[in-house]
Amino acid sequence: MAPKVKLPKPGELSKIDFKTPATDWMDTPVEFKPGTFCWGSKEKDLLTLGLPNPRQWSPADEDWKIPEGWETTILEGMAERLSKYRSFKIFMDICVRCGACADKCHFYIATGDPKNMPVLRAELIRSVYKKYFTKSGKFLGRLAGARELDMNVLKEWWSYFFQCTECRRCSVFCPYGIDQAEVTIIGRELLNLVGLNIDWISGPAAACYMKGNHLGLEPHAIAGNIESMVDDIEDITGIRVNPTFNRKGAEIMFVTPSGDLLGEPGIQTCMGYLMLFHELGLDYTWSTYASEGGNFGFFTSNDMAKRLNYKIYAEAKRLGVKYIIGGECGHMWRVLNQYMDTWHGPADFLEVPVSPITGTVFENAKSTKMIHISEFTADLIKHNKLNLDPTRNDHLKVTYHDSCNPSRGMGLLEEPREIIKAVCNNFYEMPENTIREKTFCCGSGSGLNASENMEQRMRGGFPRANAVKYVKEKHGVNMLANICAVDRAALPALMDYWNPGVGVTGVTELVANALVMKGEKERTTNLRFEDLPGKGGNE
Amino acid sequence: MKVLFSFLAVILLILVATMGAFITNLHFVFGIIIPYLAFAMFVGGFIYRVVKWGRSPVPFRIPTTIGQQKSLPWIKQNKIENPTSAFGVIVRMAMEVLFFRSLFRNTKTELREGQNGPELSYGSAKWLWLGSLFFHWSFLIIIIRHLRFFLEPIPFAVQILESVDGMLQIGLPAIYLTDAFILVAVTYLFLRRIFVPQVKYISLPADFFPLFMIMSIAISGILMRYFYKVDLVAVKQLAIGLATFQPVLPTGIGPMFFIHIFLVSILFAYFPMSKLMHMGGIFMSPTRNMISNNRMVRHINPWNPEVEVHTYEQYEDEFREKMKKAGIPVEKE
Amino acid sequence: MDVKFIEIFNEKKTAISSRWLDAMIASYPNDNSGFLMNQKDRFANPVGYTFTIGIEGIIEVLVKGEDFSESVSFLEDIIKVRAIQDFTPAKAMAFVFQLKTIVREELGKEIRQNQIYDALLDFESKIDDLALTAFDIYVKYREQIYELRTDELKRMTFSLLKKANLMSEIPDQEFEHKDQK
């Protein structure tokens with residue numbers, strides 16, 4: 001479809017046009033431009049997942065092939081969710097539009113598009129709520145901020161709820177704790193009722209449902225991928241590690257996002273896990289059935305998230321392990337921390353996690369029985385159980401990106417920092433209001449790390465990249481550490497665009513590079529087969 | 001336009017009130033019936049809204065964690081912003097409700113021109129916090145002060161509050177600090193909706209209306225106290241009558257009083273159906289009022305749905321041969 | 001460059017920069033809320049910050065008139081942002097030419113009084129050079145966006161291909177050779 005080319009009048013393009021007249025947001029229709037939205041979900045994936053209205057469609061088309069009577073479906077869906085979620089009801093009712101959240105959203109900061117202000121993003125749905133569920137909206141209409149639900153509104157929802165990465169940064173600054181992530185989650189549930197999702201979410205969700213992980217790796221492929229990592233580890237260290245799969249009676253089951261099984265720099269993080277666990281002599285197993293820590297169902301609906309999450313406890317039970325360790329991932333930990341136990345607990349077939357190396361009892365996970373790899377590693381380091389040589393990371397000047405979900409949906413802030421400080425000699429923090437609970441999103445979270453929306457991703461990640469640029473210029477930072485598989489997939493592109501020369505690494509990769517393993521040969525390269533400082537032939 | 005509409009609506013209300021005030025026959029309606037109705041609508045509406053919220057369960061425990069979690073013993077937990085005890089939550093809520101903690105967080109980093117090139121400095125954007133704090137606290141104190149009309153004898157606490165509020169001892173009757181504060185604060189809140197472009201853009205008529213209402217109520221109150229004085233004894237008689245459900249209508253109260261009480265009544269009646277309900281909602285916001293002990297204590301979802309899952313057996317049936325080939329143990333050979 | 005021109009330009013420099021920034025921000029029809037314009041914080045408003053710093057830098061270099069290449073990094077910073085913001089190439093680049101109009105309007109009277117039209121033409125030629133450089137930069141970054149997509153795919157699949165012996169690692173030297181475009 002060739003875009004209509006309208007020739008500008010002479011002088012039109014270069015004429016100085018101060019302040020275009022502002023149109024009210026309700027009168028500003030949404031536009032779909034290539035590069036700024038994700039493809040629509042595929043028919044076959046919706047069929048696999050049993051989601052409504054499976055069909056081939058494209059957001060670029062005028063007709064989205066929504067079934068007749070969709071308005072009723074959406075409004076009934078809203079009514080149902082209002083009665084099920086106090087959060088939704090309260091967030092619809094009490095916003096005073098004070099604007100404290102407005103400039104806290106990375107998409108708003110990078111685009112200036114007012115509908116990306118969290119308050120307006122919520123207002124997109126609140127206006128419909130007012131029209132159909134409140135008296136004032138029914139009678140006063142637009143004066144009360146209410147509007148009719150029509151196809152344009154639906155398209156606008158789709159556009160803007162898939163421009164929110166559910167990062168919760170706005171929620172930190174809201175005087176009532178209104179969480180746009182919660183509104184987006186419900187908004188996406190409603191959209192899914194009429195078959196509106198994006199391919200990058202429904203595809204991985206369908207793969208995860210049938211094959212156990214988002215990438216759709218079948219059991220032999222998982223074993224094969226890990227096997228080739230084992231080969232690489234042997235090349236680098238001279239040590240052959242022996243991971244096991246679906247082994248009954250292991251003490252620990254390890255679950256990590258499948259992004260770590262394929263693609264750089266995820267695989268180096270995964271090699272890190274393998275080396276660390278081997279060095280400790282940990283009695284653990286991988287599972288090919290529960291081979292996904294992440295949960296793209298969470299970006300579809302709560303039911304979908306629950307369906308995908310089921311495998312973790314079910315597999316732990318089948319294998320008879322004592323507890324579960326989870327790898328580095330962002331939204332995975334929001335789900336594990338705040339949802340899993342409620343969905344599928346109580347996990348009374350597991351035991352309270354105890355580190356077999358240090359004896360530390362993880363009381364903080366006494367109900368879910370699942371701990372974060374960073375908690376586990378930080379504990380080892382504190383007890384001096386690892387032989388570390390941080391000089392191997394001396395060529396790196398590291399900064400640390402807090403992933404949204406572990407910081408604002410969990411509070412895992414200091415553990416990774418303790419680890420990084422123990423394994424790297426050069427660590428620099430980014431400016432204070434861009435880290436920890438105020439961290440900026442990578443711009444690709446909540447299922448938006450597709451490639452067709454690359455421009456949108458570069459925009460969404462700009463505030464984060466801008467803070468990295470600052471430490472790059474000030475301290476010469478050349479490595480961005482994180483604990484999230486989506487970060488590892490998305491940040492390399494972001495850095496290549498905004499801050500060329502800054503690499504991306506998982507924290508455990510840094511650990512493994514510094515880890516002096518028993519009986520290892522003298523290492524000459526790091527896990528990326530790059531020469532170690534002062535040891536390579538090229539230096 | 002949005003502003004104008006709200007402004008005209010309030011002007012209209014003031015005209016109605018003035019009419020009521022100057023037509024003696026209507027005093028019974030304006031002094032007794034409307035206040036009762038408004039109060040009933042306020043209490044009824046407030047309870048209705050809170051009950052309605054309360055009827056929707058909280059399926060998941062979703063606190064926004066704004067600080068270090070409780071994990072390893074040597075890592076210092078932020079016990080207030082990531083609370084794992086009821087006490088922590090109480091402190092967190094108190095900070096939020098009494099001191100607007102989250103608005104206070106509104107910091108920003110600035111690059112300023114320093115002596116040796118640009119320097120990074122931490123400024124703050126605390127005006128909204130300050131304005132809101134002054135506004136809400138003044139409002140509260142003013143309401144408490146008004147108790148002296150409804151109670152006999154006047155409680156000691158109310159007397160103390162009044163004397164503190166009027167401690168400047170300027171003018172006769174003494175000027176209350178809160179009267180000045182609330183006017184300044186409400187004007188600030190109004191002006192920022194006009195002049196801060198972002199806030200202007202998101203504002204609705206429903207945001208301006210309460211501001212104009214509160215402004216007019218404050219002004220009518222001040223006018224009544226200092227300029228168009230009313231018969232305080234009569235006002236108190238009326239107020240106590242209302243409070244004890246033995247309404248009496250003393251004569252000669254003065255018209256300004258009827259304007260004031262009419263506007264107050266409208267605000268009260270409007271309250272439950274508006275965003276002003278944030279007063280109740282803040283206590284029930286799940287991202288703030290929940291204990292962040294997700295992995296320690298299981299949270300129960302009352303409607304935890306049964307969902308269709310893909311079981312291990314189904315999985316193994318599909319991949320058994322491939323698993324065996326790869327040396328992965330299976331349940332059924 | 002003409003001494004007189006530089007003198008009058010320097011007098012109006014602040015006005016010119018600020019009008020140029022206004023013009024650039026005005027190209028954001030969606031910035032109805034005025035955020036880009038008003039928020040001065042480097043981290044809270046990286047777009048506005050990049051433009052402000054970039055504009056000052058470019059003008060500084062232009063008026064000094066010595067080494068033009070110094071302004072390239074500022075130009076890059078600005079164009080990088082505009083290349084991903086939904087603009088047509090013409091709209092994304094228009095800001096460079098707008099500088100001409102602004103300078104003419106701001107300095108017109110002084111130029112007439114001092115009869116230094118040649119200096120103005122000189123200066124405008126420099127803006128033309130700036131524009132040509134800007135096009136190079138713009139195209140470079142647009143291309144990069146597509147490269148990022150393929151790179152991402154490569155990162156995902158490289159290990160697989162390697163495993164399947166479909167691809168072996170290219171020795172470093174060849175890589176370096178390829179990079180020198």
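**Exercise 1.** Which residues touch the most other members of the largest nonpolar core?

*Solution.* Keep in mind that this model is predicted. Start with the core itself, which holds 277 residues. Within this core, Ile324(A), Ile420(A), Leu494(A) and Leu263(B) touch the most other members. Next, look at where the members come from: helix α12 of chain B, residues 255-270, gives the largest share, 11 residues. Finally, turn to chain A, where domain 1 (28-197) and domain 2 (204-514) each supply at least three residues to the core.

**Exercise 2.** Find the residues in contact with Ile420(A), leaving aside neighbours within four places in sequence.

*Solution.* Contact here calls for C-beta atoms within 7 Å. Going along the chain, you meet Val398(A) and Tyr400(A), then Phe427(A) and Ala481(A), and then Val507(A) and Leu510(A).

**Exercise 3.** Describe how chain A meets chain B.

*Solution.* First, take the totals: 85 residues of chain A are in contact with 78 residues of chain B. Then ask which element of chain A gives the largest share of its side. That is helix α13 (residues 302-319), with 7 residues. Last, sort this side of chain A by class: 37 residues are nonpolar, 22 polar and 26 charged.

Terms used: Residues numbered from 1 in each chain as written. Chains lettered and ligands numbered in written order. Predicted model: local features only at pLDDT ≥ 70, side-chain atom pairs only at ≥ 80, totals over all residues. Core = buried A, V, L, I, M, F, W, Y, C linked by C-beta atoms within 7 Å. Buried ≥ 20, exposed ≤ 12 C-beta atoms within 10 Å, placed from the backbone. Helix = DSSP H or I, 4+ residues; strand = E, 2+ residues; numbered from the N terminus. Domains from an automatic or database assignment. Contact = placed C-beta atoms within 7 Å. Nonpolar A, V, L, I, M, F, W, Y, C, P; charged D, E, K, R; others polar.
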